[in-house]
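Hi everyone, thanks for coming along. I'd like to walk you through one model today, so please have a look at the screen.

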Amino acid sequence: MRRAGSLTLAALCLALAGSAIALGQSARVEQGGKAFIDSGCYGCHMVGRLGTSIGPDLTRVGAKYPREYLDRWLRDPLLQRPTAHMPKLELTEDQVRALAAYLSSLQ
Ligand code: HEC
């Protein structure tokens, strides 16, 4: 009886942890969407019908690149593509993670 009880508890904990991760993820995507505006990305990029088309359209960028690539791109575009015309932006670690989560959600 005790054993079954603790198994149920373990399963419950796992389920809760899973939804906490899912929740954290969507909060991060939302935070990234804000950072996209705050960091001025929309000044050079389009997402949907918003933004400016100086750089590539990012509406489906999440389908084009894996998240790790986007993450590295945001840390330093030139490291990723030496001929890139996107300036290196001063982003905090938190902003980079949130932006990468947001961009990879755009599919
Ligand atoms: C001053 C204009 C400018 C700003 C501001 C800017 N970008 Fe860019 N971005 C570019 C240009 C130009 C490219 C194309 C780079 C190349 O290949 O030469 C690019 C490329 C990209 C790419 C790769 C797209 C692809 O299809 O290869 C991503 C992702 C990206 N930018 C995200 C961002 C994010 C997120 C921000 C805000 C933190 C941002 N950019 C701010 C100009 C800008």
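Let's begin with the largest nonpolar core, which has 14 residues, and there Leu99, Ala100, Tyr102 and Leu103 touch the most other members. By nonpolar core I mean a set of buried Ala, Val, Leu, Ile, Met, Phe, Trp, Tyr and Cys residues joined through C-beta atoms within 7 Å. Buried means 20 or more other C-beta atoms within 10 Å of a residue's own; 12 or fewer is exposed, in between is partly exposed, and the C-beta atoms are placed from the backbone. Helix H1 (2-38), H3 and H5 each supply at least two residues of this core, and the largest share, six residues, comes from H5.

A word on where this comes from: it is a predicted model, so local features need pLDDT of at least 70 and side-chain atom pairs count only at pLDDT 80 or more, while totals for chains, interfaces and linings use all residues. Residues are numbered from 1 along each chain as its sequence is written.

For the overall layout, the protein has five helices and two strands, running α-β-β-α-α-α-α from the N terminus. These are DSSP runs numbered from the N terminus: helices are H or I with at least four residues, strands E with at least two. Buried residues make up 16% of the 107 residues.

Leu74 takes us to helix H3 (residues 67-75), where Leu70, Trp73 and Leu74 are buried. Why do they share a side of H3? Because they cover an arc of only 95° around the axis, taking the directions from the helix axis to the C-beta atoms. Their cover includes helix H4 (77-80) and helix H5 (93-105).

In the loop between H4 and H5 sits Leu89. Leu89 is partly exposed, because it has 15 other C-beta atoms within 10 Å. Its C-alpha atom is 7.5 Å from that of Leu74, 15 residues apart along the chain.

Finally, the ligand. Of the 24 residues around the ligand, Cys41, Cys44, Gly55, His85 and Met86 come nearest, where a residue counts if its C-beta atom, placed from the backbone, lies within 6 Å. H3 gives the largest share of that shell, three residues.

Note on methods
Two residues are in contact if their C-beta atoms, placed from the backbone, lie within 7 Å.
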